[in-house]
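Subject: Structure handover

Hello,

Here is the structure I said I would pass on. Please look at it first, then read the notes below it.

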Amino acid sequence: MATVPAGRDKYRSFLDDESDNVQWRHGGPPTYDVVNQLFEQGRTKEWEKGSLEELVQNAIKIWEMELSHKVRLQDFKSINHEKFNLIVNGREGLKEEEALKMGSYNALLKNSLPKEFKYYKADEESFESSHEAFRSAFPRGFAWEVIHVYSGPPLISFKFRHWGIFEGPFKGHAPTGEKVEFYGIATVKVDEGLKVEEVEVYYDPAQLFGGLLKGAPISISSSPTHHASACPFHSPS
């Protein structure tokens, strides 16, 4: 197996070719060493290098990296800026500006349920607070893999799996140390340059929150720091 030079990310090639002019949300390009290790230890598929499955898997990782860590849309290389649209569970689509402002977690978890039935209130979360909540719950990151690809470009359809180890507090719930995961299906429409025009995702959020809300409620008075989410954030998601 070919080795990857030190400092290079084997799943997010754009990180190796970024201009010094890119504006990063946290001052510099992210490192994915910790979550890459979780991915390699927990994946159920190891796709052949150069296969359609590997290309799709890495393309989504690159898009997620840009959405989570780049500040300016002009620095995005993975999307078609004029046509980009993100649709989740049949909701109204989000254009690139809306998706960047909300962040990937809020974009994927926003729903139209009555407030009293929402286990996660995306409308009350900022980009920063949403990412902090999941970094706290998953200190080793939130890994993602392609399970199956049903069709190739220009309309790619695939099944995916998302998972992490619940080792830190989440919204007042104590960690269980267990694996939390969910599955979904998606389609990605790309242009002739393989830049993303539209992403459509379908999944059941209850699979995710069933694992996170399983943790016992944390009493502020019983916490040694008196802060339910006083957990260091070790790795980007």
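Which residues are buried in H5? They are Phe127, Ser130, His131, Ala133, Phe134, Arg135, Ser136 and Ala137. Buried means under 20% relative accessible area, exposed means over 50%, and partly exposed is in between, with a 1.4 Å probe and protein chains only. Helix H5 covers residues 127–137, and because eight of its 11 residues are buried, it is largely enclosed by the rest of the structure. The buried residues of H5 pack against helices H2 (52–69), H3 (96–102), H4 (104–109) and H6 (205–212), and against strand S3 (155–165). Contact here means heavy atoms within 4.5 Å.

Some notes on the source. This is a predicted model, in which local features need pLDDT of at least 70 and side-chain atom pairs count only at pLDDT 80 or more, while totals for chains, interfaces and linings use all residues. Residues are numbered from 1 along each chain as its sequence is written, and side-chain values use heavy atoms, with hydrogens and water left out.

Now the chain as a whole. The protein chain has six helices and five strands, in the order α-α-β-α-α-α-β-β-β-β-α along the sequence. Helices (H or I, at least four residues) and strands (E, at least two) are DSSP runs, numbered from the N terminus. Of the 237 residues in the protein chain, 46% are buried. Among contacts between residues at least 6 apart in sequence, 64% join residues at least 24 apart.

Next, strand S1 (residues 85–88). Both of its faces are covered: Asn85 and Ile87 are buried on one side, and Leu86 and Val88 are buried on the other. S1 runs parallel to strand S5 (residues 196–203), and four bridges join them. Two strands pair if DSSP finds at least two bridges between them. Leu86 has Val199 as its bridge partner in S5.

Last, the backbone. Most residues other than glycine have a negative phi, and most peptide bonds are trans. Asn89, in the loop between S1 and H3, has a positive phi near 50 degrees. Asn89 counts as partly exposed, at 31% relative accessibility. Lys171 also has a phi near 50 degrees, and is found in the loop between S3 and strand S4 (179–190). Its relative accessibility is 44%, so Lys171 counts as partly exposed. The peptide bond that joins Pro153 and Pro154 is cis, with omega about 10 degrees. Pro154 lies in the loop between strand S2 (143–151) and S3.

Regards
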